[in-house]
Amino acid sequence: MSIKIWHNPRCSKSRQALGILEEKGSEVEIYKYLDENPDAVTIKEIINLLGVKPREMMRTKEDIYKDLGLQDVEDDAALIEAMAQHPKLIERPIIIKEGKAVIGRPPERVLDLI
C-alpha cells in the first residue's frame, strides 16, 4: 500500500521523514502542498485523519500566522481556510497511509504507519 507525504523539499524534517520511508522500502507518493495548495475540504479531511484540532496542524511560529492575527482566532473553519489560502501555515511533513495520518515531527513518527 502506498504512503502519501505532504512534503516540502526545503524542510530538513520533511526530507528526513521521506528518507526514512524510502529506507524502509515504502512506495511513497509525494504531494508538494506548497505548490499544489490543498483546498479547505482536503485540509479538513487530513485534520480528521490526524485526530487533531486545526491549530495543532499549523505552524504557529510562522510570521504569516502572527501577521494574520490567527492566535486570536477561535473559529476552526477560519483556521482551515487560512491554511488553504496560505499553505506555508501547514505543519510538515504529514504522512498518510490507509486512512491514518501522522505529523512527522520528529521524523521517526513515520514509523508509526509502516
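Pro93 lies in the loop between α5 and β3. The model is predicted. The peptide bond from Arg92 to Pro93 is cis, with omega near -15 degrees. Pro106 sits in the segment after β4.

**Around Ser14**

Pro93 is also one of the contacts of Ser14. Leaving aside neighbours within four places in sequence, Ser14 touches Ile5, Trp6, His7 and Asn8 as well. Ser14 belongs to helix α1, residues 12-23. Its relative accessibility is 0%, so Ser14 counts as buried. The side chain of Ser14 makes a polar contact with the side chain of His7, at 2.6 Å.

**The sheet**

Four strands form an open sheet in the order β2-β1-β3-β4, with mixed pairing. The edge strands are β2 (28-31) and β4, and each pairs on one side only. From one strand to the next, the twist averages 20 degrees.

Strand β1 (residues 3-6) runs antiparallel to β3, and the two pair over three bridges. Ile5 stands opposite Ile95 in β3. Helix α1 packs on the sheet and touches β1, β2 and β3. The direction of α1 makes about 170 degrees with that of β1. Helix α3 packs on the sheet too, touching β1, β3 and β4. Its direction makes about 90 degrees with that of β4.

On its other pairing, β3 meets β4 in the antiparallel sense over four bridges. The bridge partner of Ile95 in β4 is Val102. β3 and β4 form a hairpin with two residues between them. In regular strands, side chains alternate between the two faces of the sheet.

**Helix α3**

Which residues of α3 are buried? They are Ile43, Ile46, Ile47 and Leu50. Seen down the axis of α3, the buried residues fall within an arc of 105 degrees, so they line one face of the helix. An α-helix has 3.6 residues a turn, so residues three or four places apart point the same way. Val41 and Asn48 are exposed on the other side of α3. The buried residues of α3 pack against β1, α5, β3 and β4. After α3 comes Gly51, with a positive phi near 70 degrees.

**Cores**

The largest nonpolar core has 22 residues. Those with the most contacts inside it are Trp6, Ile43, Met57, Met83, Ile90 and Ile94. The elements giving two or more residues to this core are α3 (40-50), α5 (76-85), β3 (94-97) and β4 (100-103). The largest share, five residues, comes from α5. Apart from this core lies another, of ten residues, including Ile3, Leu21, Val110 and Leu113.

Asn37 has a positive phi although it is a residue other than glycine. Glu98 likewise has a positive phi and is not a glycine. Asn37 is in the loop between α2 (33-36) and α3, and Glu98 is in the loop between β3 and β4.

| Residue | Phi | Relative accessible area |
|---|---|---|
| Asn37 | near 40 degrees | 36%, partly exposed |
| Glu98 | about 50 degrees | 53%, exposed |

Asn37 at 36% is partly exposed.

How values were computed: Residues are numbered from 1 along each chain as its sequence is written. This is a predicted model: local features need pLDDT of at least 70, side-chain atom pairs count only at pLDDT 80 or more; totals for chains, interfaces and linings use all residues. Side-chain values use heavy atoms; hydrogens and water are left out. Buried means under 20% relative accessible area, exposed over 50%, partly exposed in between (1.4 Å probe, protein chains only). A polar contact is a pair of N or O atoms within 3.5 Å; within protein, one must be able to donate a hydrogen and the other to accept it, and residues adjacent in sequence count only if both atoms are side-chain atoms. Contact means heavy atoms within 4.5 Å. A nonpolar core is a set of buried Ala, Val, Leu, Ile, Met, Phe, Trp, Tyr and Cys residues joined through side-chain atoms within 4.5 Å. Two strands pair if DSSP finds at least two bridges between them. Axes are lines fitted to C-alpha atoms, for helices over the stretch in contact, and angles run from 0 to 180 degrees between N-to-C directions. The arc is that of the directions from the helix axis to the C-beta atoms.
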